[in-house]
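Below is a brief report on packing and aromatic pairs. The structure comes first.

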Amino acid sequence: MRFLFLTRLLLCLILASLTQNLLAEAKLPDIGGSANIELSPAKEAELGRILLTELRRRLPISNDPELSQYIQALGTRITSGGLNSNFQFTFLLVINPSINAFALPGGIIVINSGLLTLAHQESELASVLAHEIAHVSQRHIARNFENDKSFSVISALTLLGSILAAVYNIDLGQAALMTSQAGIHQARLSYSRSFEMEADRLAMQLLVSSGIDPLGMSQFFKRLHKHTQLNRGKIPEFLSTHPLTLDRLSEAETRARQYRGPFTSNSSDFDYTKARTLAMSNNSSSLIDYLREKSRSSVGLSDPERYTYALVLSREGKHKRALRHLGKIAIHADNELTVKLAEAQINIAMEQANVARASLESLDKIYPQNLPVTYYLATSLIKEDQARQALEKLDQLGHVYQQNPAIDKLKAKAADKAGIPWRSHESLGDYYAAHGQYGAAMEQIQLALRSHNINSSSKARIEARKAQLIDIKQQREQFK
């Protein structure tokens, strides 16, 4: 817990220099202040890119195409509800059972899988994302530290990797902390009550503007309170930095009931995303035992639970049983894509790529440039020795999906099998760079440039990427 507290402290320090992003609809005052002096919008975006690679290097961030697409889509839906921003928000899911969420410069919002699985409805998860976005837009951490003359963005970034690693590697974290000169009071780990209430109000306006039920906020507060009681008073990490009082809970519920509109509380996408997260973040054998017993009970399994059961059975190599359970799910418009994608994944795992490809090609016509569809279609094409076609499909995804390292890794595999070595090394270089491994990335770029028969346009593109990597590495070194 101590190290999780310290993690939040460092993240709070970094947020001291966020640029100003106000909700025009909320008509809140321009707070200005000294927080704008430390970091320009351009520098913030630059810092955000560095932090993103550091996060990917240090934390178990999910690159699963379906989970990535869902969390980004939900976050984008919320930020589209009246938020003015100088940068595109990036929403990430960390596979970690603790109940936590935080924000970083450059519009990076991170939630833990433990928080997602605690939520019972999409509106509850959305309320957490909206709350973090509101803290960023109102620059609450910056206002906490704007009078702290000892604040240093450079020193904060120097400690970032070690503090994040402390969550998973206590010895490394302790060594870094013992050499640190940061003398910050622990009281600053938490947001003030006024900041929390202000973030609640803004988050609620974002939810309403996005057509999401604002009652999700108070419902999630109640769930956190109940979780604390059931765990003998152990406070979730999220509450250690976002203090919850009964007054705050009551006010959130009262304010939410004042809104009227055609709000949505839940979606099939959330139910299946939660089911997928459970399947990917829990011990397979224990989950199989639990679901098997429940399937035999009078209650039985819900369709999302059958989906979870199928995924964990497939993880254990029991593919035929997995397909049988998928076959028991009632198919409708909201879950058809999810179930068909699961069937395709299992068929690929069974070395029946041709069956998977036929289904995925049909889906590709209905959902062109859909991240999960394209990812699994390309995977099946590679297995069927149609690597060049797979690479063409991946290239069609465009820039919006190029930030997912899983795509870069699959491109590298496709290019290698297609006999295009420079493309393979280039994509693998992008994969390493996305995780802050700039030495390995540069090595791949050099291999790409030395490839036989490389054409002039590819060579020019890779040379430009080499220069970019050198620049990024130098920028990163400035913060050490």
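## Aromatic pairs

Tyrosine 431 counts as buried because its relative accessibility is 17%. Buried means under 20% relative accessible area, exposed over 50%, and partly exposed in between (1.4 Å probe, protein chains only). Tyrosine 432, at 23%, is partly exposed.

The model is predicted: local features need pLDDT of at least 70, side-chain atom pairs count only at pLDDT 80 or more, and totals for chains, interfaces and linings use all residues. Residues are numbered from 1 along each chain as its sequence is written, and side-chain values use heavy atoms, leaving out hydrogens and water.

The whole structure holds 4 aromatic pairs. Rings of Phe, Tyr and Trp (its six-membered ring) pair if their centres lie within 6.5 Å; planes under 30 degrees apart are stacked, over 60 edge-to-face, the rest tilted. One of the pairs joins tyrosine 272 and tyrosine 307, edge-to-face, with 5.3 Å between centres and 75° between planes. Tyrosine 272 sits in helix α14 (residues 268-281) and tyrosine 307 in helix α16 (residues 303-315), 35 residues apart. Helices are DSSP runs (H or I, at least four residues), numbered from the N terminus. Tyrosine 272 is buried at 5%; tyrosine 307 is buried at 0%.

## Nonpolar cores

The largest nonpolar core has 44 residues, and Ile78 and Leu125 have the most contacts inside it. Such a core is a set of buried Ala, Val, Leu, Ile, Met, Phe, Trp, Tyr and Cys residues joined through side-chain atoms within 4.5 Å. A second, separate core has 38 residues, including Leu360 and Ala448.

Definitions and conventions:
Helices (H or I, at least four residues) and strands (E, at least two) are DSSP runs, numbered from the N terminus.
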